[in-house]
Amino acid sequence: MQDNQVQIFDTTLRDGEQVPGCKLDTAQKLVIAERLDLLGVNVIEAGFPVSSPGDFTSVSEISKIIKNASVCALTRAVENDIKVAAAALKYAKFPRIHTGIGTSDSHIKFKFNSTREQVIERAVKAVSFSKTFVEDVEFYAEDAGRTDNAFLAKVCEAVIKAGATVLNIPDTTGYCLPEEYGAKIKYLRENVRGIENVILSCHCHNDLGMATANSIAGVIQGARQIECTINGIGERAGNTALEEVVMVLKQHPYLNLETSINTKLLYDTSILVRESMGMPVQPNKAIVGANAFAHSSGIHQDGVIKNRETYEIMDPEDVGVTESAIVLTARSGRAALAYRAKKIGYELTKIQLDIAYDAFLIIADKQKEVRDEGIHEVMKKVNKVSKIAVA
Ligand code: KIV
Ligand code: ZN
């Protein structure tokens, strides 16, 4: 792996699918898994096999068909979970077991009624046991975001010795600030023996809306894997959105960090996940929301019509959206009306545009958005316009 390559670990089918209402059957999961492989993700977390027979089957069937990505299965630091995960991954070309345990004082005390020493012991055992089945073992330190850095470093060092290949540092509760999360990754890189031999992974939740910023802070400080989901779906406020981190890295080339994602497939993949899960995407969602490339105020529309880059920092075609939308509302100006009218066949002179614009505003004040039928109505009011219709 090149030093500037950031691995994309997709957990749509595990952390994403565990959300109420997002449940998928095996056939639906297979379709999404194949699409993720085509999209170019490096790892597909296919499920948590011990959790149900259905999830076991899904992981097993996905393992059979995925050609490029590693297929990963989640476990707790529990022997039976690991055995079951290994069985589900039997047919995977590149199998990975993802095992781990909570490391924050709150998890140790309230979830496990345990001690730091016992948690390290369980972590090491889980990794060593996983290594008896597969070479590629990822360890997660659940609630690492709220774990004391010195203790986290101890845990990491112990599991590296036990054979972990990837260390996942989850901000499970979405609490960290980007600077804090980045500093945590930096601290681990500077204080854990053997860290240079493993990949550090960012797994950030979005409870305070900082999942993307935290993941990017993590890779800037040397992490080389981001765990994320399509449309940012996931527990509570969701996980890091795959499309966001991928486009942040693409649009900021000076960071010198790349992914293997075919970004032109992002929009279609978003639709596939949205429709399969019945989980709508908010219109103002970055990259894949319906309004992500729509312009409705007159000042913005005028700029975009003159040159797209005035109000767009990326080309919609780069994410698979065919073109920017100029949406006509009562805040739109003449430039937008002339632009949309031309698209449906009306080339207007300056005088015709003035007349059309007055008629347009009357309609626009009554509607949220003026669509093509509304423009035709407006044109009926413009003298002789049918003679100069171009389409
Ligand atoms: O958020 C989290 O900590 C997780 C782990 C199970 C990896 O999803
Ligand atoms: Zn998570």
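Domain bounds here come from an automatic or database domain assignment.

**View 1. The two domains of the predicted model.** The protein splits into domain 1 (7–277) and domain 2 (294–390). Taken over C-alpha atoms, their centres are separated by 45 Å. Seven residues from domain 1 and seven residues from domain 2 make the contact between them (heavy atoms within 4.5 Å).

**View 2. The zinc ion (ligand 2) and its protein donors.** Here you can find Asp-15 (OD), His-203 (NE2) and His-205 (NE2), lying 2.1 Å from the zinc ion. Donors are N, O and S atoms within 2.8 Å of the metal (3.2 Å for Na, K and Ca); water is not among the atoms, so sites may look incomplete. Along the chain the donors follow the spacing D-x187-H-x1-H. Asp-15 in helix α1 (residues 12–16) and His-203 in strand β7 (residues 199–204) are 188 residues apart, a pair that links distant parts of the chain. Helices (H or I, at least four residues) and strands (E, at least two) are DSSP runs, numbered from the N terminus. Asp-15 and His-203 are both buried, where buried means under 20% relative accessible area, exposed over 50%, and partly exposed in between (1.4 Å probe, protein chains only).

View 3. Lys-29, Ile-32, Ala-33, Leu-36, Asp-37 and Leu-39 are the buried residues to look for in α2. They cover an arc of only 155° around the axis, so they sit on the same side of α2; the arc is that of the directions from the helix axis to the C-beta atoms. Their packing partners are β1 (7–10), α1, β2 (43–47), α3 (53–65), α10 (242–251) and α11 (266–277). At the N-terminal end, Asp-25 caps α2, with a side-chain oxygen 3.3 Å from the backbone nitrogen of Ala-27. After α2 comes Gly-40, whose phi is positive, near 105°.

View 4. Tyr-181, Gly-182, Lys-184, Ile-185 and Leu-188 are buried in α8. Glu-179 and Glu-190 are exposed, on the face turned away from the buried side of α8. The cover over the buried residues of α8 includes α7 (149–161), β6 (166–171), β7 and α9 (211–220).

**Notes for all views.** Residues are numbered from 1 along each chain as its sequence is written, while chains are lettered from A and ligands numbered from 1 in the order in which they are written. In this predicted model, local features need pLDDT of at least 70, side-chain atom pairs count only at pLDDT 80 or more, and totals for chains, interfaces and linings use all residues; side-chain values use heavy atoms, with hydrogens and water left out.

Notes:
A polar contact is a pair of N or O atoms within 3.5 Å; within protein, one must be able to donate a hydrogen and the other to accept it, and residues adjacent in sequence count only if both atoms are side-chain atoms.
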